[in-house]
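User: I would like to learn how to read a predicted model, one feature at a time. Could you take me through this one, giving the general idea and then the case at hand?

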Amino acid sequence: MLFRSRPVITAQPSPITAIAGSTVAFSVIATGDGPLTYQWLLNNVVVSNATNRTLVFANVQPSQAGTYSVQVRGPATSVTSFGAALTVNLTLTANAIGAGSVQLSPAISAYAPGTSVTLQAIPNAGAAFID
């Protein structure tokens, strides 16, 4: 009788916080009798064509946010990784045309989807807004 060892995940996927449009990658390291195969899941649903030990998103978007895990299969059995969250934040740029500036509040480099942002138009000294 041939004994096959169960796959063991030795490096779990890590959570990622990214800016929309950037490239991100989840990865897993597993050992065990091979061949080992991989299937990535998003919120416990199979991700199509995601069958490598690394899952890469170029131009990541908020619609891809969620909890990713990977199922590693060996000849005898399978094991599923812990979930790793993907959070995709947005940038916001507001430029004034003319004599003044635009102030954002809160003034941070990236915003979670659904964040309320206040924009305030500020005229330069001696300038005024025209109705």
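Analyst: Leaving out residues up to four places away in sequence, Phe26 touches Pro13, Ser14, Ile16, Trp40, Arg53, Thr54, Leu55, Tyr68, Ala84, Ala85 and Leu86, where contact means heavy atoms within 4.5 Å. This is a predicted model, in which local features need pLDDT of at least 70 and side-chain atom pairs count only at pLDDT 80 or more, whereas totals for chains, interfaces and linings use all residues. Residues are numbered from 1 along each chain as its sequence is written, and side-chain values use heavy atoms, with hydrogens and water left out.

User: Where is Phe26 found, and does it count as buried or exposed?

Analyst: Burial is read from relative accessible area, with a 1.4 Å probe and protein chains only: under 20% is buried, over 50% exposed, and anything in between partly exposed. Phe26 counts as buried because its relative accessibility is 1%, and it is found in strand β3, residues 24-27; strands here are DSSP runs of E with at least two residues, and helices are runs of H or I with at least four, both numbered from the N terminus.

User: Which residues have the most contacts inside the largest nonpolar core?

Analyst: In soluble globular proteins, nonpolar side chains tend to be buried together. A nonpolar core is a set of buried Ala, Val, Leu, Ile, Met, Phe, Trp, Tyr and Cys residues joined through side-chain atoms within 4.5 Å; the largest one here has 21 residues, and Phe26, Trp40, Tyr68 and Leu86 have the most contacts inside it. At least two residues of this core come from each of β2, β3, β5, β7 (54-57), β8 (66-73) and β10. Among the residues that Tyr68 touches, beyond four places in sequence, are Phe26, Trp40, Phe57 and Leu86.

User: How many aromatic pairs does the structure hold?

Analyst: Rings of Phe, Tyr and Trp (its six-membered ring) pair if their centres lie within 6.5 Å, and planes under 30 degrees apart count as stacked, over 60 as edge-to-face and the rest as tilted. There are 3 aromatic pairs in the structure; the one between Phe26 and Trp40 is tilted, at 6.2 Å centre to centre with 35° between the planes. It links distant parts of the chain, since Phe26 lies in strand β3 and Trp40 in strand β5, 14 residues apart. Ring pairs also link Phe26, Trp40, Phe57 and Tyr68 into a cluster.

User: What does the side chain of Gln39 reach?

Analyst: Gln39 lies in strand β5, residues 37-42, and it is buried, with a relative accessible area of 17%. Its side chain reaches the backbone oxygen of Val47 at 2.9 Å.

User: How many helices and strands are there in the protein?

Analyst: The protein has 0 helices and 12 strands. Its C-alpha trace spans about 90 × 20 × 20 Å along the principal axes, and 26% of its 131 residues count as buried.

Note on methods
Polar contact = N/O pair within 3.5 Å; in protein donor to acceptor, adjacent residues only side chain to side chain.
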